[in-house]
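Please have a look at the structure below.

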Amino acid sequence: MNFRGTMLGKILWQGVTSRHLTAIWSISSRSKHKLPDLPYDFNALEPYISAEIMKIHYEKHHATYVSNLNVAEEKLGEAKAKGDISAVIALAPALRFNGGGHINHSIFWQNLGPKSGEEPTDDLKSAIELDFGSIENLKIQLSTASIAVQGSGWGWLGYNRQSGRLQIAVCPNQDPLEATTGLVPLFGIDVWEHAYYLQYKNVRPDYVKAIWNVANWSDIASRFAKAKSG
Amino acid sequence: MPDMEYELPALPYAYDALEPVLKQSSLKIHHGDHHRIYVEKLNAAVKGLSVATKSIEDMLACIDASTPKAVRNNAGGHYNHSLFWLCMKAHKADAVNPIPEGRFLSSVHNSFRSEEGLKCKIKDAALSLCGSGWIYLTANAKRAEICIESIYNQDSPIMQDVPGDGVPFFALDIWEHAYYLDYTFKRAEYIDRWFGLTDWGFVSDAYENWALKGSVVRVSRL
C-alpha cells in the first residue's frame, strides 16, 4: 500500500488538500476591484461639469468606494471562512454603500461624454417616444425626479425587463438601481452634492439641466439594446 | 390663531466670524441660500394647514409619517439649521475650546470618559453616515445619559416617526453642502476643525435647561 493509503497518509493528505483549497479560494476572493479608466480627460465635460469636480469625483469619491468595497469584501471572506453569519450580515450596509457607489459611478463615467450634439435615434428614440411621448418629456420627467431627491441619491432612466418599458426611478444614497428595483440602469444622474456643488452651489436644477448636454446617447442606447436582448 | 410666518434667524455672529474654519463665502451660501430656502418653502408648504399656527419647535414634535414631505423636509431643515448656528461661536485662532464645568461635562465623563472620547465618537458617527444627515447629541427628562444619534436627511429625533426618544441639544451638519466649499471630500478634516467652533457653553445650557427637562430646545425668537 502506498503512503496515501495509510491512515496517517489519509489524514495528512486531507489536511493539506482542505488548507490548499481554502488558500486558493481566499486568493481568488481577494482579487480586488479597481477604478475603471475614465474615457476622457477631466476637462472634457466643460463647461457643463468642471474639471475640478471631475478630478475630485473620480480620484477621491469613486476611488474611496472602490477601496472600501475591497476592504468590506476582504472582511466578508474572513467572516465566511469562520462561518460567522452575524459578521456576514453586519457587513451588508458597507457592501451596499461601497458596492453601490462603485457600480453607480462606473456607469456614470460611461453615461457621460464630451458634448456631441447627438440625440437618441432608432430603437431608443422609439422607446422613449412610446413611454414618455417625446425626448423632451423624458428630460423633463427625469430632471424633475432627480432634482426632487431628498438628501443624497441618484435619478435613473431604467429598463423594466418584465414590461419591456422604460421607467424613471430614484434611489437614495448609493443604493444600486438593479439590486434595489430590478430595473436595468440606462442613464443615471448623480445628485449627491459632491457631483455639482463646487460649480453650481445649491442650484441643483442648473446642474441637472446642464448634464443633458453631456449625456452619451451611444452608451445609453447600447445599454438599452443589451437590456432588451438579455 | 393666526398663521405663523417662519423667519430666517440672524446668525449670532458675522459671516466672517468662523474663519478660517468656515469661509465667509461658504457661510453666506449655507445660511443665506440653503437655510433661507428651507424657510421660504416651509412658509409655502404650510399655507392653509392646521400646523401653520405652531412654533417651529411644536411643529417638529407633530411631524409623523403622514406629514406631507414638503412640510417635513423644510420644517426639519429650518429647525436643524437654526440649532446648528447656535452650536457655533466666533473662532479664536489657536484657542483651546474646552467644555465648561457643569452637568454636561460630568455626563460626558460618565459616558465617554473624556471630552476627547466624546469628540472621537461624534467623529466616528459622522464618518459612518452614508449620505446626507446630521449628528445629534440627545438626552431627555428620564435619561440624563448622552446619546449620539445619526439621522439622515432633515429628520430629527423630535419627529414622532424617527427612532429615538431624546431631545437634541447639539446638531452637527454632515450634508456635503456644509463643508464641501471649504474641505471638498475631506469630511474628517471638517469635523476636526469644526470642534474649534463649537459653543460648548450653549450646548451645556441646552442639555441642562432644555433636554433634561424634556423640552425641545427653543431656536426661534418668536
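Predicted model: local features only at pLDDT ≥ 70, side-chain atom pairs only at ≥ 80, totals over all residues.

## Chain A at a glance

Let us start with the fold of chain A, which contains 10 helices and 3 strands. Along the sequence, these elements come in the order α-α-α-α-α-α-β-β-α-β-α-α-α.

Chain A has 230 residues, and 43% of them count as buried. Among its contacts with a separation of 6 or more, 68% are between residues 24 or more positions apart.

## Where the chains meet

The size of an interface is often given as the accessible area lost when the parts come together. Here chain B and chain A bury about 1,700 Å² between them, and carbon and sulfur atoms carry 61% of that area. On the chain B side, the residues that lose the most area to chain A are E176(B), Y180(B) and F185(B), which together make up 34% of what that side buries.

In terms of contacts, 18 residues of chain B touch 15 residues of chain A. The rule finds 6 residue pairs in polar contact across this interface, but 0 salt bridges. Helix 1 (24-46) and helix 6 (180-183) of chain B each give at least two residues to the side that touches chain A. Helix 1 of chain B provides the largest share, with 4 residues. Sorted by class, that side of chain B holds 8 nonpolar, 8 polar and 2 charged residues.

## Salt bridges within the chains

Over all chains, the search finds 18 salt bridges. In chain A, K228(A) pairs with D123(A) at 3.7 Å, N to O. This pair links helix 10 (residues 217-229) with helix 5 (residues 122-132), its partners being 105 residues apart. K228(A) is partly exposed at 42% relative accessible area, and D123(A) is partly exposed at 49%.

In chain B, E57(B) and R218(B) form a salt bridge whose closest N and O atoms are 3.6 Å apart. E57(B) sits in helix 2 (residues 56-62) and R218(B) in the segment after helix 8 (200-209), 161 residues apart. E57(B) counts as buried because its relative accessibility is 3%, under the 20% cut-off. R218(B), at 38%, is partly exposed.

Which residue does R72(B) meet in a salt bridge? The partner is D155(B), at 2.8 Å, N to O. R72(B) lies in helix 3 (residues 69-86), and D155(B) in the loop between strand 2 (143-152) and strand 3 (167-173). R72(B) is buried at 10% relative accessible area, and D155(B) is buried at 18%. Elsewhere, D33(B), R36(B) and E40(B) are joined into one network by salt bridges that share partners.

Terms used: Residues numbered from 1 in each chain as written. Chains lettered and ligands numbered in written order. Heavy atoms only, no water. Buried < 20%, exposed > 50% of the residue type's maximum accessible area, 1.4 Å probe, protein only. Contact = heavy atoms within 4.5 Å. Buried area = accessible area lost by both parts, 1.4 Å probe. Salt bridge = Lys/Arg side-chain N within 4 Å of Asp/Glu carboxyl O. Polar contact = N/O pair within 3.5 Å; in protein donor to acceptor, adjacent residues only side chain to side chain. Nonpolar A, V, L, I, M, F, W, Y, C, P; charged D, E, K, R; others polar.
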